[in-house]
Amino acid sequence: MKRRNLLLSGVGLAGALIVGWGALPARSRLGSGNLWPQDLADTSIALNGWIKITPDGGVVLAMARSEMGQGVHTALSMLVAEELDVPLGRVVLAQAGSDAIYGNVAMLVNGLAFHPSELQQGDKPAATKVRLNQWLVGKVARELGIHVTGGSSSIADAWQPLRLAAATARGSLLGAASLAWKLPVAELTVKNGVISHASGPSGHYGQFARYAASTPPGNVRLKPRKDWALIGQSTPRKDVPAKVNGTATFGLDVRLPGMLYAAVRLCPMLGGSPGALNANVALAMPGVVRLVPLQAWAGSTAGFAVVAKTWWHAQRAAQAVPVDWRQRPAGALDSRAIEKNLLSSLVQEPGHIFHEQGDVDAAEAAASRKLEATYSAPFLAHATLEPMNCTAQVADGKVHIWVPGQVPQIAAAVAARVAGVAQEDVTVTVTLLGGGFGRRLEVDFVAQAVRVAMDCGGQPVQLIWSREEDMTHDFYRPMAVARLRAALDAQGSVSSLSIQSAGDAISPRWFERAATALSSPFDMPDKTTAEGLFNLPYAFAHQKMAHAATRMSVPVGYWRSVGHSQNAFFSEGFMDELALAVGQDPLAFRRSLLRHLPRYLAVLNLAAAKAGWGNALPAGQARGIALHESFGSVVAQVAVVSLDGKLPRVHRVVCAIDCGTVVNPAIVAQQMEGAVVFALSAALFGRIDIHDGVVQQKNFTAYPMLKLAQTPQVDTFFVSSQAPPGGVGEPGVPPLAPAVANALYQLTGKRQRALPFVL
Amino acid sequence: MESSVPLNINGKTLHVMVDPAMPLLWVLRDVLNMTGTKFGCGVAECGACTVKVDGRALRSCVTPVSSLVGKRIQTIEALGRPDKPHPLQLAWIAEQVPQCGYCQSGMLMAASALLDKTPKPTDADIDAAMTNICRCGTYQRIRVAIKRAAGVLPKKDGRGDGPPQARPAPLGGSAAHKVTSVGARPT
């Protein structure tokens, strides 16, 4: 069995450097109290980089992750409340500083390309390789310290360091009480943030915080699983009350004295630019302050912004400006031409082999029968409900930005670059995000806001994209195609699976435009576009998966569940085709190929059992099933579907998940419900077409979203696990489209091999 | 050109110096700094900007303020009071509806208009009235929360019966997720 070892080949470049440095132990992520911003009015006491104690015994948690609906502010607070034994309500959040301890290590480690068989217990050489790679990348990630909310990684990343920070703080607080009372620390107990001793003394954390800051924590141990009071409980979210009365502050809700508003108008042709434009038309309109040309910052398309006293005035004036738009020099982009090119690159470009085992060629040569199918998926927009926006103020060589973003440091870096100041002179305030889904891993709108603010004489300016700009200037989920081929042996069993896919790489383009300093001069194989195809769990004896990374020049980005979002549709649709070909029930067929991976099998079985797989359904309804691993979690879904005229009608989705240890089951269930709706919108309606460089879908009228009346009942079930937490924000998305497609085949006899569905 | 437009917002008459053609959304947000009402699409498609006018749901992003003179405008800021939340707000909390939360002001105003007209809505009533977009996909919980607020939630496990009180709701609400075997709690 030979496997291409993606990481080590890449890291080989810097291997010599890493050998010496790599021998050092990973640096602690505890951090010291001086990482908190200095504030003389602040009466709370910092015990480490994560935890401060207020005079009344409350806990302040340094928050370095963005809340975009996934419940991360609640879940991370729960980890801290658990270890400190305080009620969840006593944990308040403060935006973390910029230190590397808050960087996301798990997201980079999860970016490694392993095959499920390598992650199984028992395969020693594989386990060693996995551990070595994870350790190495973990060290690199720790040094880089990138603050990023993405890749469904926040809980996995915080799981050890955050609980450890809270437990360490608790140790010091107990130590301080022990010294003050001259009582053994082992005899002290904590309940609701109050330390007490059976002999009488009692006091809350606030009374010991000052001494605790200089008291060693003693022997720090994490609370054993059996003592958890919060972790594993469906605890209400902290952010909900403000989200039902209009007081929650999103980026668009920032209000500052003297604030102006800016509307943008970017060249409608992607990559194009404005030629001559008549600014006077805008300047003559009421309420307008100025027009600011915008170059193609951070991967965006060039255009201009109009600044006015309200956004309505700005937008009206921006629309009125006559502009001679110029097509990009390399020629107009066209999604039909791109699809053709992708299909031909399937044949012509071998691509990078991500996984290979056995001998596919020999198996195909000996086949009694072969099956081949080509699948495709279109470009997609993120369409967060809160359009792209950023508020910026540039005054006295300092920049302050208020941004609903997933990458605050990268936003600061681009702001510094645009304004020509040092990054230390940029202050970033992260607001709540009205949806993220990967769109807010970009910083194009940040650069624009800073550029506009530079011309506003120190006044703050809130730059807001219209829905039309948001939809036509996104970083799209890349169009992708795949050819899947299976060989059946003389006994009629599937002996080999060979997959060739093609599509633009995302990560190299993202580094180029957003994290330029970390960008590589050449493209390394990008796991994010091949994930979910090269790491299929099924035990076919002979397998080969190769992906050709193309460069079609459409701006592409990370879209909730990234490559998995289309690759699960390809692979699980084809699995149904294979089940049919070998005359097996789709569930039984999958089961027979998963005996070596009990984790996958358990999830599949739970979904099937809860859905009553095999039981009769009302006439006109059918079930489809799909299974997919992503971001460390395995999800199976069973969809019950009927036909409602020209549209599929999904009645119910049973969702089973193994996401390791569950921190808050209610939030996981929410994420599964949301993922189903997100994926179903894409499967039924989602496509972005580009003609003559122009995105054709400009608003929700042409790029529809599922609405309440079309929403299926989603029931979520958990497979019990004591493994460390996996992701939950994205893993619910990938299995939905194939589950529905497989049900549709039962109803129509037509195999859905392209998204969105066409009946 | 700008003129003084009298607007009855949340029970108070304000004389706002604006262009009468300006949509209510931007008068609320950028002139009055009432940011609870959200901008989503600008074409009355997503409903993030929903307010109530004379008790009916209205998409404020395409409604010029000149058309609202003499009418009663209600926004999310006045749906309930901090000391006395609206039953829908309590139900939204009990069912843990919001994710990102951006659409929820509009959703609540649309739901409030529904209950004003149809105090005991059926599923079909809810389907017809709730046409706003939630990109996070909270629809399933919105349906249950409306029923909870309306007191039409089917009795289940002895809860979810009647309008919500200002007491803590059952954790996780009555939405349909089932925690069968969460590994975190071996008991």
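A:Ser172 sits in helix 7 of chain A, which covers residues 154–181. Bear in mind that this is a predicted model. Is A:Ser172 buried or exposed? A:Ser172 is buried, because 24 other C-beta atoms lie within 10 Å, and the cut-off for buried is 20 or more. Setting aside neighbours within four places in sequence, the contacts of A:Ser172 are A:Leu47, A:Ala212, A:Thr215, A:Pro216 and A:Pro217. For a distance in the other direction, take A:Leu119: A:Ser172 is 53 residues from A:Leu119 along the chain, and their C-alpha atoms are 38 Å apart.

Next, the domains. The assignment for chain A lists domain 1 as 48–97 + 154–235 and domain 2 as 105–144. Domain 3 is 257–329 + 388–464, and domain 4 is 335–378 + 476–748. Between domain 3 and domain 4 of chain A, the centres over C-alpha atoms are 36 Å apart. How many residues are in contact across that pair? On the domain 3 side there are 16, and on the domain 4 side 14. The domain 3 side of that contact is made up of eight nonpolar, five polar and three charged residues.

Now chain A as a whole. Chain A has 23 helices and 27 strands. Its radius of gyration is 27 Å, and the globule rule gives 27 Å for 759 residues, so chain A is as compact as a globular protein of that length. The box filled by the C-alpha atoms of chain A is roughly 80 × 75 × 60 Å along the principal axes. Of the 759 residues, 58% count as buried. Taking the contacts in chain A with a separation of 6 or more, 79% are between residues 24 or more positions apart.

One helix in more detail: helix 21 of chain A, residues 598–611. Helix 21 has 14 residues and spans 20 Å from first C-alpha to last, close to the 20 Å expected at 1.5 Å a residue. Which residues of helix 21 are buried? They are A:Tyr600, A:Leu601, A:Val603, A:Leu604, A:Leu606, A:Ala607, A:Ala608 and A:Ala611. What do these buried residues pack against? The partners in chain A are helix 20 (586–592), strand 22 (622–630), strand 23 (633–644), strand 24 (647–658) and strand 27. Just after helix 21, A:Gly612 has a positive phi of about 65 degrees.

On to the interface between the chains. In the model, 63 residues of chain A are in contact with 58 residues of chain B. Helix 9 (240–243), helix 11 (311–320), helix 22 (665–685) and strand 27 (713–718) of chain A each contribute at least two residues to the chain A side. Helix 22 gives the most, with nine residues. By class, the chain A side has 31 nonpolar, 22 polar and 10 charged residues.

Last, confidence. The model has an ipTM of 0.95 and a pTM of 0.94. For chain B, the average pLDDT is 88, and 83% of the residues score at least 70. Where in chain B does pLDDT stay under 50? That is residues 157–187, for which the model has 76 contacts beyond four places in sequence.

How values were computed:
Residues are numbered from 1 along each chain as its sequence is written. Chains are lettered from A and ligands numbered from 1 in the order in which they are written. This is a predicted model: local features need pLDDT of at least 70, side-chain atom pairs count only at pLDDT 80 or more; totals for chains, interfaces and linings use all residues. Two residues are in contact if their C-beta atoms, placed from the backbone, lie within 7 Å. Helices (H or I, at least four residues) and strands (E, at least two) are DSSP runs, numbered from the N terminus. Ala, Val, Leu, Ile, Met, Phe, Trp, Tyr, Cys and Pro count as nonpolar, Asp, Glu, Lys and Arg as charged, and the others, Gly among them, as polar. Domain bounds come from an automatic or database domain assignment. The radius of gyration is taken over C-alpha atoms; the globule rule is 2.2 Å times the number of residues to the power 0.38. A residue is buried if 20 or more other C-beta atoms lie within 10 Å of its own, exposed if 12 or fewer, and partly exposed in between; C-beta atoms are placed from the backbone. The expected span of a helix is 1.5 Å times one less than its number of residues. pLDDT is the predictor's confidence in each residue, from 0 to 100.
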